Amino acid sequence: MALLTGHPSLEKAVLDNLNTAVLLFDADLHLIYINPAGEMLFEVSSRHIVGQRACHLVPCPGQDVEERLRSALRTSHPFTERELNIGLSDGRVIRVNCTVLPLHHYDARDEVLVELHQVDQQLRITREEQLLNQHQATQALLRGLAHEIKNPLGGLRGAAQLLEAELPDPGLREYTRIIIDEADRLQNLMNRMLGPNRLPQPSNLNIHYVLEHVRGLLQAECPNGPSIRRDYDPSLPEIRADQDRLIQAMLNICRNAVAAAGPSGALILRTRALRQFTIGNKRHRLVLRIEVEDNGPGVPPELRDRIFFPMVSGHAGGTGLGLPIAQELINQHGGLIECDSRPGQTLFCIYLPLELVHD
Ligand SMILES: Nc1ncnc2c1ncn2[C@@H]1O[C@H](COP(=O)(O)OP(=O)(O)OP(=O)(O)O)[C@@H](O)[C@H]1O
Ligand SMILES: [Mg+2]
């Protein structure tokens, strides 16, 4: 690669840390360099693709890529194409903004620099930020409301208890019992809305221990429930998290999946590590992705945009709190939950930043 600044280590550091994928082709349009962001975009290591031709690497349906690059070299005109769809070798199609810059060197052969900026990922980040903002707003509203309800509720229950003790006719106690029981039911609901009332207790834990624990609970709750297959990445490092909160979040998501899949259905619990991944607007070196997949009928279309809001439920008896609580618990760990659902395949992805564990 011909140098731009004369400081090879500086150039390498800049290219290695760019968020944008950068590819450098020689004058014959064979790849001579790809930076780490590019390896991530194509999900391949540079060793496997250096030397490949541009038309194989960035095939754009309906376009002669090599002819466009050659003409940029001939005319010395850089150009930018917006929202190009690139079909990758693994079948994925990604949408990118592409900038092509011909490089002419007086002491070496010409080269052409291609920058690819993934736009569908940008959309994802914007959507995530919106999701987090919405979530914080509803969470604040809920907490305020739950506090306001809890205080008078305690008074109401106490008064009913006093009344019960004073009632001359035991037959009338049936009514005070109803008041007390209903007050207790509401109290439980408010406690669920307020979330755990202790400080988080982070420890270093193995995510597979958490998932196996959840799997055991689900099987105990529903012995004739759907099959649960595991697809774990055993090389994952430990995560620093509050174990009870993680278990609660996973249970809430998995219980929904068990209910949706039904006794003859199937669940898959999957774990993977992702490098250089952005959650909200924070970029992390390493992120854990936990997937809960089921083959049930999918989230009803009219609920799809709202399932993380409180009190949104597709079941007659559902409180609609499971997912917002799970989202809150995962947020507390700097993570995020996303859902992608169609009939026959519903995927909940839980992203958690993996910190290096120093204890
Ligand atoms: N895996 C899934 N498949 C299909 N629909 C789902 C799935 N997960 C969630 N949903 C839909 O999202 C709704 C909201 O889920 P959420 O867990 O927040 O509340 P809930 O299950 O109705 O009540 P609860 O508070 O008891 O959990 C569900 O009622 C259901 O309609
Ligand atoms: Mg639920």
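Author: Let's start with arginine 272, which is partly exposed, with a relative accessible area of 29%. Here, buried means under 20% relative accessible area, exposed means over 50%, and partly exposed is what falls in between (1.4 Å probe, protein chains only). Before we go on: this is a predicted model, where local features need pLDDT of at least 70 and side-chain atom pairs count only at pLDDT 80 or more, while totals for chains, interfaces and linings use all residues. Residues are numbered from 1 along each chain as its sequence is written, chains are lettered from A and ligands numbered from 1 in the order in which they are written, and side-chain values use heavy atoms, with hydrogens and water left out.

Reader: Fine. Which residue forms a salt bridge with arginine 272?

Author: The rule is a side-chain nitrogen of Lys or Arg within 4 Å of a carboxyl oxygen of Asp or Glu. The partner of arginine 272 is aspartate 231, with the closest N and O atoms 3.0 Å apart. Arginine 272 sits in strand 9 (residues 266-279) and aspartate 231 in strand 7 (residues 227-231), so this pair ties together parts 41 residues apart in sequence. As for cover, aspartate 231 is partly exposed as well, at 24% relative accessibility.

Reader: You keep saying strand and helix. How are those assigned?

Author: They are DSSP runs numbered from the N terminus: H or I with at least four residues for helices, E with at least two for strands.

Reader: Good. How many salt bridges does the structure hold?

Author: There are 22 of them. One pairs glutamate 328 with arginine 143, at 3.8 Å from N to O. Glutamate 328 is in helix 10 (residues 322-331) and arginine 143 in helix 6 (residues 119-166), so these side chains tie together parts 185 residues apart in sequence. Glutamate 328 is buried, with a relative accessible area of 15%, while arginine 143 is partly exposed at 30%.

Reader: And within one helix: which residue does glutamate 182 bridge to?

Author: The general idea first: an α-helix has 3.6 residues a turn, so residues three or four places apart point the same way. Now the case: glutamate 182 forms a salt bridge with arginine 185, the closest N and O atoms being 3.3 Å apart. Both are in helix 7 (residues 173-194), three residues apart, so about one helical turn separates them. Glutamate 182 counts as partly exposed at 41%, and arginine 185 is exposed, at 56%.

Reader: What about helix 5: which residues are buried there?

Author: In helix 5 (residues 65-75), the buried ones are Val65, Glu66, Leu69, Ala72 and Leu73. They cover an arc of only 125° around the axis (taken from the directions from the helix axis to the C-beta atoms), which puts them on the same side of helix 5. What do they pack against? The partners are helix 4 (54-57), strand 3 (79-87), strand 4 (93-103) and strand 5 (111-118), where contact means heavy atoms within 4.5 Å.

Reader: Now the surface. Which residues make a nonpolar patch?

Author: Leu10, Val14 and Leu18 make one of about 230 Å². Patch residues have over 30% relative accessible area and no salt bridge, with like charges joined within 9 Å and nonpolar side chains (Val, Leu, Ile, Met, Phe, Trp, Tyr) within 5 Å; the areas come from the Shrake-Rupley method with a 1.4 Å probe, and for residues only the protein chains shown count as cover. Leucine 10 belongs to helix 1 (residues 8-17) and is partly exposed at 46%.

Reader: Last one: how many disulfides are there?

Author: With a disulfide taken as a pair of cysteine sulfur atoms within 2.5 Å, the count is zero. Cysteine 222 is in none, and its nearest cysteine sulfur, that of cysteine 254, is 12 Å away. Cysteine 222 is partly exposed at 35%. For cysteine 339, the closest cysteine sulfur is in cysteine 349, 8.7 Å away and too far for a bond. Cysteine 339 is partly exposed at 28%.
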